[in-house]
Every structure is written in structure tokens, then in C-alpha cells.
Amino acid sequence: MRAILIVCAVNLGGFGLSGCGFEPLYAERNAPGPSTLFTTIQIQQPNNSPDNDTNRAVYSALSKTLRPEGKPAYRLDIWAEENKTGALMDNNSREARTRFTLRVRYSLYDIAKGVVVTNGTASASTSFNVDISEHANLIAVESAQSRTANAVSEKIVLKLANWHKTQVQ
């Protein structure tokens, strides 16, 4: 009896949401969806300077979703800035925890028109324990870069999809 009530409650909840106007980002539409936009964006590759690891991490994370097919219509330029600050000190006045913040500015450039069509920023932060071992600290920083780059790239992709949605309506 309880199972039947739960099933009924879930179904009634679904009926309530159907009239609210919610539409999934990747829903099938008559107009082209964001996946068509994602195949027309070329990501500007970061240069190979040694201090550019964060830009490369963001580029790598974005390239998992934005895969141009054929001649690109847009170019995405990204500029990453990272900040590491001590967040916690231990009893010996050593840094025990570090907060890693990544802020990425981006611009979507229409190649044919020669103008920037949208731009913005996305940021993410994480923290990691600081160890006595320098090797462990390097691995922790790389992991923090990777986690924040993935989070920021998801935010950028969502912002680009939202911009595209306003353009096709």
C-alpha cells in the first residue's frame, strides 16, 4: 500500500512540473540545439610556456565537449588565472591547507563577422592538504588544477549553450 502511495506521489509531482516550462538543455527541438553550436567552436590553443599549465588544463577540459567538425564558425579564447592562498595553519605555524581558485575569462568570437558575440567569466575553487613531501604537494596542485578546470569548463559550456538558446529563439 505504501509503495502505491509513493508511486502516485511521484507521478503527481511529474504532472506539476510539466506545466512549469522547464526544458532540458539537450532536449530535442525544431531549432538547432547546443550540440550543433558545440561542433562549430574552435578553442584557441594556449601557448607552450611553462607557466601555462592551467590554460592547458582548461583547454583540455573544454575540448572534451567542444569538438569542431569541418570549418569552425566561432573561436573561443580563454585566459585562466589561478590563485593559491593558505587557508589553515597547523600548531607549528605551517600551512596545512591551501585554497586553490581558478578564474577563467572567455570570449566567443564570430570568425565570419569578425566580432566578439559573447564573453564572460567562470570560476571554481577547491582546497587541498599541504604535506611535508614536496612531491605530494605537486600532485595535490595538479589535482586541484584538474578539478577546477573541469568545473570551470562545464560552467563555460552551460553559459555558451544558454547564449545559443537566446540566439535561436
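Read along the sequence, the protein follows the pattern α-α-β-α-β-β-β-α. The model described here is predicted. Its secondary structure amounts to 4 helices and 4 strands. Of the 169 residues in the protein, 27% are buried. Among contacts with a separation of 6 or more, 62% are accounted for by residues 24 or more positions apart.

The packing of two helices was examined through their axes. In general, two packed helices are described by the angle between their axes and the distance between the axes. Helix α3, spanning residues 53-63, and helix α4, spanning residues 134-168, have axes that come within 8 Å and cross at roughly 50°. The arrangement of α3 relative to α4 is therefore oblique. In handedness, the crossing in which α3 passes α4 is right-handed. On the α3 side, the residues that meet α4 are D53, T54, A57, V58, A61 and L62; their counterparts in α4 are Q145, A149, N150, S153, I156 and V157. Sorted by class, this contact of α3 with α4 comprises 7 nonpolar, 4 polar and 1 charged residues.

A search of the whole structure returns 1 aromatic pair. The ring centres of Y74 and W163 are 5.9 Å apart and the ring planes stand at 90°, so the pair is classed as edge-to-face, a category that requires planes over 60 degrees apart. Y74 and W163 are both buried.

Two further positions were considered in relation to this region. H164 is located in helix α4. With a relative accessible area of 11%, H164 falls under the 20% limit and is therefore buried. The C-alpha atoms of H164 and T118 are 9.8 Å apart in space, while the two residues are 46 residues apart in sequence. K113, by contrast, is situated in the loop between β3 and β4. Its relative accessibility of 63% lies over the 50% limit, so K113 counts as exposed. From K113 to Y74, the C-alpha to C-alpha distance is 9.7 Å, at a sequence separation of 39 residues.

S107 is placed in strand β3 (residues 95-110). The relative accessible area of S107 is 12%, and S107 is accordingly buried. Once neighbours within four places in sequence are left aside, the contacts of S107 are R75, L76, D77, W79, V116, T118 and N119. T126 is placed in strand β4 (residues 115-129). T126 is likewise buried, its relative accessible area being 16%. Not counting residues up to four places away in sequence, T126 touches T98, R99, F100, A144, R147 and T148. Between T126 and T101, which are 25 residues apart in sequence, the C-alpha to C-alpha distance is 6.5 Å.

Notes:
Residues are numbered from 1 along each chain as its sequence is written. This is a predicted model: local features need pLDDT of at least 70, side-chain atom pairs count only at pLDDT 80 or more; totals for chains, interfaces and linings use all residues. Side-chain values use heavy atoms; hydrogens and water are left out. Axes are lines fitted to C-alpha atoms, for helices over the stretch in contact, and angles run from 0 to 180 degrees between N-to-C directions. Helices (H or I, at least four residues) and strands (E, at least two) are DSSP runs, numbered from the N terminus. Angles under 35 degrees count as roughly parallel, over 145 as roughly antiparallel, 65 to 115 as roughly perpendicular and the rest as oblique. A crossing is left-handed if the near helix is turned anticlockwise from the far one by less than a right angle, and right-handed if clockwise. Contact means heavy atoms within 4.5 Å. Ala, Val, Leu, Ile, Met, Phe, Trp, Tyr, Cys and Pro count as nonpolar, Asp, Glu, Lys and Arg as charged, and the others, Gly among them, as polar. Rings of Phe, Tyr and Trp (its six-membered ring) pair if their centres lie within 6.5 Å; planes under 30 degrees apart count as stacked, over 60 as edge-to-face and the rest as tilted. Buried means under 20% relative accessible area, exposed over 50%, partly exposed in between (1.4 Å probe, protein chains only).
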